[in-house]
Amino acid sequence: MALLQIAEPGQSSAPHEHRLAIGIDLGTTNSLVATVRSGLPEVIVDESGRALLPSAVWYRADHAPVVGEVALAQRITDPRNVVVSVKRWMGRSLSEIDSLADLGDSGPRSPVQVSAEILKTLRERAEQALGAAPDVLGIRHQEITGAVITVPAHFDDAQRQATKDSARLAGIPVLRLLNEPTAAAIAYGLDQQAQGRFVIYDLGGGTFDVSILQLSRGVFEVLSTGGDTALGGDDFDRTLFDHLAGLVVPGALPDLTLSVLSDADTSALRVESRRVKELLSSHAEVQVNCALPSGRRVEVSVTAAEFEKMSAALLARTIVTTRRALRDAGMQASEADGVVLVGGATRMPAVRRAVADLFGREPLTNLDPDQVVALGAAMQANLLVGNRAPGEDWLLLDVIPLSLGLETMGGLVERILTRNTTIPAARAQEFTTFKDGQTAMAVHVVQGERELVADCRSLGRFELRGIPPMVAGAARIQVTFQVDADGLLSVAARELSTGVEASVTVKPSYGLGDEAIAQMLTDAFGHAEADARMRSLHEQAVDAERLLLATQTAIEQDSALLSVADQALIGQRMAELSELCETLKDADALRAGIAALSAATEGFAAARMDQAVRQALAGRRVEDLDTNV
Ligand code: ADP
Ligand code: MG
């Protein structure tokens, strides 16, 4: 899906027209919500002034779920009922996930439900801050118009769909999903440049993601992504934990000299390790003086240099992954036009140094690395709802890069949504059956600009069954193409008299790079004339086949109405026309063949008509006819 930047007639928005838009970073470890106020993006904090909401949910029987710091704290006392890192499971079904299915006393929860709790908390926080919460009488004076929610660039369809479902469950109107690296680039204003290639290095709590984006004409394209779903800030905590665990000394009580740490001690030491790690980002040395629940103690000083040495291997892994992503994008580190650091763990000075060394330039770090994704999402949401500062007349819009259509008889393409249509978009068209008594219809969805299915790209097929048997051409089948704001295409077919329905969802741009799209367009232009001729030929063939079928059926039903001579003539014309259909070379000859067969069947058709009218009249009184016509 290409993002095109289009100019909109600049209507300056008066203050009272300001619509409420929010951006949400739904993170593995922490989530945040941001908005644009007076033209400036800012993160929305909770009552205690905290911006980060830990992505943890605590479930208790007969209680509303609790999200955030409190839930995280319960991990020590009630680990069975606390869900963390649910983002890792998005897009998976419950049967694939034991840990969530086995949620203590409160029963199974799907990742979508757990994420929805986090989103609901963020929504309420935003409503409170933006004056959109219900008043004492429960009346809402303003609503949040829309939200942009970010997802990793590597998220597949199922994961994106699950994210949207969560938002729906949380009562959040989603304007669109946005890739996290693109949001970070927007927050840094990189979309305002003419062009460039940017590297987004994102080290979060549990995951590492690197993305290479290319900007041209206001469009961000993902050139490559890389990452490690099992490498993040938590692993840096663990190296410190291992170090500190080795230095635990017995407490005052003689029975606590076990060499293995208890669960409670482990949890406490983990929390301490994280605290020390974060402190070491801004201090050269940290004095650890920690009493564990059992009474055992750790008393030691850790220097930043020591910590860097312990964790050097982890950092090196991120650099290897970054190099690989550069290679996949076909570029050298020195060719990057900008490097952005995202994620709380990039506060570690060693990370900044390693990235600067690799690229030979200082990474962008002036925005808070925890917040940049949410800030960019808020800026995008603000644009999408139509709040624009004076002079800010650009709107990022997605368009359909290649036409979407379906296969019709004769291997022809019927385009339903033409290329460059802005999305979201929807269009319906009616089709009918080809054969008498046809009860199923194959729907083949294709993408491309060419006239023949064989020259287009096949996106998916499905079958509509249960069409009531009718004569050819009588059934009315409505096919609807719908592309949502994220480029997901759903195609539904519905037989209008019975309401039977079938559908598919596909992602049309999947696997198609700009080059492939360009090639498909060039092909279409180059073949326009030949394609038009082919189309006309195939259309004639379809007409011919339809006539042949109808004639055949008529003969089977009413051969008694035919003279031997007529039957012979019709048979001959049918054979000639079949032959022309088979060779499929000459549209004019086909047209002539159709005319010849039609002429030969004229008398027969008239005789059948008479017979039908006679049968209809038989046994009826004339008065009935008026009302029954
Ligand atoms: P996610 O995107 O996975 O939700 P975040 O971007 O919020 O995660 O990053 C969380 C990680 O950042 C945690 O491992 C946390 O310890 C780490 N972090 C936060 N502040 C600092 C800091 N000052 N120094 C080092 N690491 C930090
Ligand atoms: Mg993140």
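Biologist: Let's start with cysteine 581: why is it called buried?

Modeller: Buried means under 20% relative accessible area, exposed over 50% and partly exposed in between, with a 1.4 Å probe and protein chains only. Cysteine 581 has 9%, so it is buried. Do bear in mind that this is a predicted model, where local features need pLDDT of at least 70 and side-chain atom pairs count only at pLDDT 80 or more, while totals for chains, interfaces and linings use all residues. Side-chain values use heavy atoms, leaving out hydrogens and water, and residues are numbered from 1 along each chain as its sequence is written.

Biologist: And what makes cysteine 290 buried or exposed?

Modeller: Its relative accessibility is 9%, so cysteine 290 counts as buried too. As for disulfides (pairs of cysteine sulfur atoms within 2.5 Å), the structure holds zero.

Biologist: Why is serine 38 called exposed?

Modeller: Serine 38 reaches 77% relative accessibility, so it counts as exposed. This serine sits in the loop between β3 (30–37) and β4 (40–43); strands are DSSP runs of E with at least two residues, helices are runs of H or I with at least four, and both are numbered from the N terminus.

Biologist: What makes leucine 584 partly exposed?

Modeller: Its relative accessible area is 27%, so leucine 584 is partly exposed. Leucine 584 lies in the loop between α13 (564–583) and α14 (587–600), also with a positive phi of about 50°.

Key: Chains lettered and ligands numbered in written order.
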